[in-house]
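Reader: I would like to learn how to read the packing of helices in a model such as this one. Could you take me through it feature by feature, with the general idea before each case?

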Amino acid sequence: MTLSQKNHWLDCVSDLLADEAVRSMDAFPQHRTGFSCYRHCIWVSQISFRLCGALGWNAREAARGALLHDLYLYNWMDRGLPGLWRHLLDHPAQALENAKARFPLTDREADIIRSHMFPISTVRHHYRESVIVELSDKFCALSETLGLFPRRLDFPQPSGHSAPNAVYPAENRAYFSHP
């Protein structure tokens, strides 16, 4: 992401990044140990922002919806394998409820959050940006699971938020420091 793109992306999402609930996603693991829900959502947001911008679509709302798409605020790994299916189906509704409670959402942003698990869930997209976020989410999830993501991703640390090494145990710290 160029500096100009990063600054434009930050202009679109800085109010979200400053929110305590959004920052708290850094405490929850996502698809791989050491890769938080916060980092996952930022990566999905940045990819969606760039793709929608390149297509001339609404990059701002794609970035915002993508950043909030997993705002479910619990550790899904604590639920065990039987709870995984429920999580896959239910977390978009929980994320949407949490996002609506904290931010005024556009219809497009709400649709992005609600439909990002299609086709696992039956909630279909109503906006083309929702499709971009869904596909970006699947790409990031697979990359994280397989360990194929770049070692140096550009993750902003909002003021008042701890550095990633403060969130993870010592055995995971080296995971973030690879060149």
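Author: Let us begin with the terms: an axis is a line fitted to C-alpha atoms, for helices over the stretch in contact, and angles run from 0 to 180 degrees between N-to-C directions. Helices (H or I, at least four residues) and strands (E, at least two) are DSSP runs, numbered from the N terminus. The model is predicted, so local features need pLDDT of at least 70 and side-chain atom pairs count only at pLDDT 80 or more, whereas totals for chains, interfaces and linings use all residues. Residues are numbered from 1 along each chain as its sequence is written, and side-chain values use heavy atoms, with hydrogens and water left out.

Reader: What pattern does the protein chain follow along the sequence?

Author: The pattern is α-α-β-β-α-α-α-α-α-α-α, with nine helices and two strands in the protein chain.

Reader: How are two packed helices described?

Author: Two packed helices are described by the angle between their axes and the distance between the axes. Here, helix α6 (residues 107-115) and helix α7 (residues 128-146) have axes that come within 9 Å and cross at roughly 40 degrees. Angles under 35 degrees count as roughly parallel, over 145 as roughly antiparallel, 65 to 115 as roughly perpendicular and the rest as oblique; α6 and α7 are therefore oblique to each other.

Reader: Is the crossing of α6 and α7 left-handed or right-handed, and which residues make the contact?

Author: A crossing is left-handed if the near helix is turned anticlockwise from the far one by less than a right angle, and right-handed if clockwise; that of α6 and α7 is right-handed. Contact means heavy atoms within 4.5 Å, and here Arg108, Asp111, Ile112 and Ser115 of α6 meet Glu129, Ser130 and Val133 of α7. For classes, Ala, Val, Leu, Ile, Met, Phe, Trp, Tyr, Cys and Pro count as nonpolar, Asp, Glu, Lys and Arg as charged, and the others, Gly among them, as polar. The contact of α6 with α7 has two nonpolar, two polar and three charged residues.

Reader: At what angle do helix α4 and α6 pack?

Author: Helix α4 (residues 59-68) packs with α6 at an angle of about 40 degrees, their axes being 8 Å apart. That makes α4 oblique to α6, and the crossing is right-handed. On the α4 side the contact involves Arg60, Glu61, Ala62, Arg64, Gly65, Ala66 and Leu68, and on the α6 side Arg108, Glu109, Ile112 and Ile113. By class, this contact of α4 with α6 has five nonpolar, one polar and five charged residues.

Reader: How many residues of α6 are buried?

Author: Buried means under 20% relative accessible area, exposed over 50%, and partly exposed in between (1.4 Å probe, protein chains only). In α6, seven of the nine residues are buried, among them Ala110, Asp111 and Ile113. Of the 179 residues of the protein chain, 50% count as buried.

Reader: Which residues of α3 and α7 meet?

Author: The axes of helix α3 (residues 37-55) and α7 come within 9 Å and cross at roughly 135 degrees, and α3 and α7 are therefore oblique to each other. The residues in contact include Trp43, Ile47 and Leu51 in α3 and Val133, Phe139 and Cys140 in α7. The contact of α3 with α7 has eleven nonpolar, four polar and three charged residues.
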